[in-house]
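Dear colleague,

Please find the structure below, handed over for your study. My findings follow it.

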Amino acid sequence: MVVKPTGEKNGPILIIATFHNQNLAISHIVPIASASNMPVIVVTDPVNLTLNNVVFKSPGPAISKIVPRALAKFALALRLAIRERPSHIIGYHFFPSAVIALLCRSFAGGSAIYQSTGGPIEIEGGGWNSENKLLRNLQRPSKFLEKMSLDLVRHFDYVVGRGVRAEEFFTQRGKVFDYRTILGSVEIPCSVPDICSRDIDVLFVGRLAETKRLNVFLQIVKALVTKRPELCVAIIGDGEQKAYLSDLCVDLGILENVHFTGKLENVFEWLSRSKTFVLTSRTEGVSIAMLEAMAHGVVPVVIDVGELSSALRSGVSGYLIKTPSESQFCERIEDLLSNPTRWRSFSASARLNVAEIAARSTVTEQWLSL
């Protein structure tokens, strides 16, 4: 049983999270900081970022060498929670950050908020199919861990998810918390370049990890190159699969078409040069990279997983592909590249779509309401 101490909720907001890049941190933290009249303390890995009303804290290098990373974060978060008595403690992803948030509340009071960033996959089968490397070692679903996870979820004051699929999942399992749908936020440029000014045909932004299924992405590029030998593709990001993917480009004969930029903190210049944004991921919550692409007029062609369907209207502001079908992806991408009029219509709709659901001011208001 998780004990929920009582007390005045007038302290800072404590956040426990892992952010793989600065844009991700800005997207999620800025609206919370803007909605709060109290400081925001973020326990995360070292990040070179300065935000108003936000203090970033990371475990020292000494303790990180002695104990596992998650345990070091827990020790730091617990010390800060006891000292600062936060009004809200927010954990991004169920394990370990949200679990840490719940434990900290047991000692320090306030309300505990679980940010279901990846959606139900973080809970289903005990998280065996999620992006968490430790849980993926299970290699098969665990009913015991799923039940235990759901029992813990019921002790949160709020669960913040990314769309209707998450809401249905938690509702069907007997929620006793307050559920809210709040996306990450993006800035919406006043204007964006036309298709004739964009030189990148296909764009990917994200970690070069197995869950992104970039091998499928490159097979799609290969098929497109047979029709468009001059196809220009940009892959922005870094990760453990970089060498493998580079070798795969050589094997497929598309190395000259694909440009690996590495990890970039500012991707906006690349977004303004791109026509289509493609995701073939195995799992997603709502991709912040996709929302940023839409804000810059890039048209998404993405696999229908997670809450991506909550963020775009298929056939209006982009295309949702039901299965990782190479032919379907190619057909939709080719349709956009060869039809500037349709691309312009989709691009304008994508910008309107994302402004309605994820503009920074909109997300700030949602956090203020919570």
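Six strands form an open sheet in the order 10-9-8-11-12-13, with parallel pairing; two strands pair if DSSP finds at least two bridges between them. Strand 10 and strand 13 (319-321) are the edge strands, each pairing on one side only. From one strand to the next, the twist averages 20 degrees (axes are lines fitted to C-alpha atoms, and angles run from 0 to 180 degrees between N-to-C directions). Strands (E, at least two residues) and helices (H or I, at least four) are DSSP runs, numbered from the N terminus.

This is a predicted model, in which local features need pLDDT of at least 70 and side-chain atom pairs count only at pLDDT 80 or more, while totals for chains, interfaces and linings use all residues. Residues are numbered from 1 along each chain as its sequence is written, and side-chain values use heavy atoms, leaving out hydrogens and water.

Within the sheet, strand 8 and strand 11 run parallel and are joined by three bridges; Ile200 has Ser274 of strand 11 as its bridge partner.

Elsewhere, four bridges join strand 2 (residues 40-43) to strand 3, and the two run parallel.

Yours sincerely
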